[in-house]
Amino acid sequence: MFDKVTLSLNIDPLILSALKEDITAEDVSTNSVMPRPCKGEAELICKEDGVICGLQIFERVFTLLDGETVFETTVKDGDAVCKGQLLGKVIGDIRVILSGERTALNYLQRMSGIATYTHSVAELLSGSGITLLDTRKTTPNNRIFEKYSVKVGGGSNHRLGLTDGVMLKDNHIGAAGGVKEAIALAKAYAPFVRKIEVETENTAMVKEAVEAGADIIMLDNMTTEEMKEAVDIINGRAEIEVSGNVTKENISRLVDLGVDYISSGALTHSAPIMDISLKNLHPVE
């Protein structure tokens, strides 16, 4: 759950922007059929099995439109839910429920889809001691929601942004003139509390990274044999991350390599949404 400070400073502006995208001047459909306030309620219904995530954001959409809107639910983020399950009820002005419905569901479906997919991948690493990481391959202006969803699903967050750590990728290395040069420049510039991670594409780069004192070495898009050789070269002198087109279907080949982290962009950029609906809207006394 997001704390009050994060909610007001970082979350609310994003939700309001999403609402403004949908309501550019007025909700013509709602205003046509409901010209005056009328209290009502609608049911939030799960239409497939999965891990629910984003309930606080779902509720926040409606309360930003009208602070008197109430969302009642008996589930919490991270709970396993099933097809046909009643997840809660939204109670308030029918006009507010209608106007906020799509935006609220967009957040909830997307976040629950990521949490569900992440959970299925994390289960494949259970007992291995390997940490499952996300990446920065996120939807613009939705990173805070998507990375939160990864954590709810059982994964961990890599960098939230470029300020969080030193990650020397292929183009950084090219710009610096080589692996050793890039690491030396990073050590001279970055705060001493920052770990330095280097992306490597072959064993020659791995050797350079180890000799130059990298804290974390990423093995990017290597073959299984190359990764095994790289782990032997590193020999505990740096933490090891594996990356490169990692999905639920192929992650099992990485479990026994002896690495510390596996990162997967698929957690955020390829997770399907979870089907959830707001139904049975009706007036109440």
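The lining of the second largest pocket in this predicted model comprises six nonpolar, six polar and five charged residues. In total, 17 residues line this pocket. Leu14, Ala18, Glu21, Tyr107 and Asn142 lie nearest its centre. Three helices each supply at least two lining residues: H1 (4-22), H4 (94-124) and H5 (143-152). H4 gives the largest share, with six residues.

Two of these helices, H1 and H4, also pack against each other. Their axes are 9 Å apart and form an angle of about 130°. Angles of 65 to 115 degrees count as roughly perpendicular and those over 145 as roughly antiparallel. H1 and H4 are therefore oblique to each other. The crossing of H1 past H4 is right-handed. On the H1 side, the contact is formed by Leu14, Ile15, Ala18, Leu19 and Asp22. On the H4 side, Arg102, Thr103 and Tyr107 take part. By class, this contact holds five nonpolar, one polar and two charged residues. Leu14 and Ala18 of H1 and Tyr107 of H4 belong to this contact, and these three residues are also among those nearest the centre of the second largest pocket.

H1 has a further packing partner in helix H3 (residues 55-65). Here the angle is about 70° and the axes lie 10 Å apart. H1 is thus roughly perpendicular to H3. H1 contributes Leu7, Ile11, Asp12, Ile15, Leu16 and Leu19 to the contact. These residues meet Gln56, Ile57, Arg60, Val61, Leu64 and Leu65 of H3. Nine residues of the H1 contact with H3 are nonpolar, one is polar and two are charged. Ile15 and Leu19 of H1 touch H3, and both also take part in the contact with H4.

The largest pocket has a volume of about 440 Å³. Its lining consists of 24 residues. Thr135, Lys137, Lys169, Ser243 and Gly265 lie nearest the centre of this pocket. Two or more lining residues come from each of strand E9 (216-220), strand E10 (239-243) and helix H10 (266-269). Of the lining residues, four are nonpolar, 12 are polar and eight are charged. Among the residues nearest the centre of the largest pocket are two lysines, Lys137 and Lys169. Ser243 is also one of these central residues, and strand E10 spans 239-243.

Technical notes
Residues are numbered from 1 along each chain as its sequence is written. This is a predicted model: local features need pLDDT of at least 70, side-chain atom pairs count only at pLDDT 80 or more; totals for chains, interfaces and linings use all residues. Side-chain values use heavy atoms; hydrogens and water are left out. On a 1 Å grid over the protein atoms alone, a cavity is a set of points where a 1.4 Å probe fits but cannot get out, and a pocket is an open set with protein on both sides within 12 Å along at least five of seven lines; lining residues have an atom within 4 Å of a point. Grid points are joined across faces, edges and corners, and a volume is the space filled by probe spheres set on the points. Helices (H or I, at least four residues) and strands (E, at least two) are DSSP runs, numbered from the N terminus. Ala, Val, Leu, Ile, Met, Phe, Trp, Tyr, Cys and Pro count as nonpolar, Asp, Glu, Lys and Arg as charged, and the others, Gly among them, as polar. Axes are lines fitted to C-alpha atoms, for helices over the stretch in contact, and angles run from 0 to 180 degrees between N-to-C directions. Angles under 35 degrees count as roughly parallel, over 145 as roughly antiparallel, 65 to 115 as roughly perpendicular and the rest as oblique. A crossing is left-handed if the near helix is turned anticlockwise from the far one by less than a right angle, and right-handed if clockwise. Contact means heavy atoms within 4.5 Å.
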